[in-house]
Amino acid sequence: MIKQFSEDEMLRIWRDRAGYVDARCDCVVEYVDGVDNDRRLLADIRRWYADLLLNAPVDLLPTENLATEATVTKISDHSARIDLPSRGVRLLGLRFKGEEQEVTTFYSPGSRVERLYSDPSVRMYSRQIAIAYGRSVEVVGGKCDELLSLRMVANPKDGAFVFDESLLPRLIDMER
C-alpha cells in the first residue's frame, strides 16, 4: 500500500533500522564538534528515494498527471515538443486531445523509428510516436493540439516521501 512519510518519520525509521538508540535521560545532549547524524541520514534517505523513483516498479510509486505543469511547443500540425516539468522523474505516458491511445513507448534520438518519422508526409497519416530527449519529448504524427495527460512518476510537491511500504530498505541493504 502506498503511504506518505514525512522527513521526521523517515529519519525515525532509518534510525531504528540502523540501530541508533535515543538517550532516555530527560535531558538534551548536543555536540558542537561531532558529525550531524541526522543530516547524514537525511542525505542517505534522499539519495535512496531518488534512486527509488527512477528504478522501482511503477505500481509502488506516486504517479501524477503533470500535463498542466509541462510546456508544450507546437512545431507543426503533426508535431510538438513537450518540456517536462521539474517534479517529473520518469515518463510513463502522454496523450493529446483527439488521440484515442496514450503513447507509452519512447524512442531514442537517432533511432530507426525517429528517422522514419522525419518525413512530414509520414507524420500526417501515422499514429503518434514520441522521441525522448532527456528533459523534453518530441511527439510526431497524429494530432498535437492540446496535451490532456502526461503521466509521470513524480516527486511530491510538499517534499514528503511517497511509496509502497514494501520498498523500505532492510538493515542489510542500508549498510552497503
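**Entry 1: charged side chains**

I started with a network of salt bridges that links Arg40, Asp44 and Arg47. For my notes, a salt bridge is a side-chain nitrogen of Lys or Arg within 4 Å of a carboxyl oxygen of Asp or Glu. By this rule I get a count of 12 salt bridges.

Before going on, I noted that this is a predicted model, where local features need pLDDT of at least 70, side-chain atom pairs count only at pLDDT 80 or more, and totals for chains, interfaces and linings use all residues. Residues are numbered from 1 along each chain as its sequence is written, and side-chain values use heavy atoms, with hydrogens and water left out.

(Helices are DSSP runs of H or I with at least four residues, strands are runs of E with at least two, and both are numbered from the N terminus.)

Asp44 has 23% relative accessibility, so I put it down as partly exposed. Arg40 has 36%, so it counts as partly exposed too.

**Entry 2: Arg87 and its partners**

Next I looked up Arg87. It forms a salt bridge with Glu64, and the closest N and O atoms are 2.8 Å apart. Arg87 lies in the loop between strand E4 (79–83) and E5, while Glu64 is in strand E2, so the pair ties together parts 23 residues apart in sequence.

Arg87 also meets Glu69 in a salt bridge, at 3.0 Å from N to O. Glu69 sits in the loop between E2 and strand E3 (71–76) and Arg87 in the loop between E4 and E5, so this pair ties together parts that are 18 residues apart in sequence.

Arg87 has a relative accessible area of 12%, so it is buried. Glu64, at 28%, counts as partly exposed, and Glu69, at 31%, is partly exposed.

**Entry 3: the sheet around E9**

Which order do the strands take in the open sheet of three? I read it as E2-E9-E5, with antiparallel pairing. Strand E2 (63–65) and strand E5 (88–96) stand at the edges with a single partner strand each, so one side of each has no neighbour in the sheet. The twist from one strand to the next averages 20 degrees.

A reminder to myself: strands of a sheet pair through backbone hydrogen bonds, either parallel or antiparallel. The rule I use is that two strands pair if DSSP finds at least two bridges between them. E2 and strand E9 (residues 147–154) run antiparallel and are joined by three bridges. Thr63 stands opposite Val153 in E9.

I also found H2 lying across E5 and E9, running at about 30 degrees to E5. (Axes are lines fitted to C-alpha atoms, for helices over the stretch in contact, and angles run from 0 to 180 degrees between N-to-C directions; contact means heavy atoms within 4.5 Å.)

**Entry 4: aromatic rings**

Then I went through the rings. Rings of Phe, Tyr and Trp (its six-membered ring) pair if their centres lie within 6.5 Å; planes under 30 degrees apart count as stacked, over 60 as edge-to-face and the rest as tilted. By this rule the count is five aromatic pairs.

Phe5 and Phe163 have ring centres 5.0 Å apart and planes at 25 degrees, so I call the pair stacked. Phe5 is in strand E1 (residues 2–5) and Phe163 in strand E10 (residues 161–164), so the pair links distant parts of the chain, 158 residues apart. Phe5, at 6% relative accessibility, counts as buried, and so does Phe163, at 0%.

How do the rings of Trp48 and Phe163 meet? Their centres are 5.2 Å apart and their planes at 85 degrees, so this pair is edge-to-face. Trp48 lies in helix H2 (residues 37–55) and Phe163 in strand E10, so parts 115 residues apart in sequence are tied together. Trp48 is buried at 16% relative accessibility.

Ring pairs link Phe5, Trp14, Trp48, Tyr49, Phe161 and Phe163 into a cluster.

**Entry 5: the whole chain**

Methods:
Buried means under 20% relative accessible area, exposed over 50%, partly exposed in between (1.4 Å probe, protein chains only).
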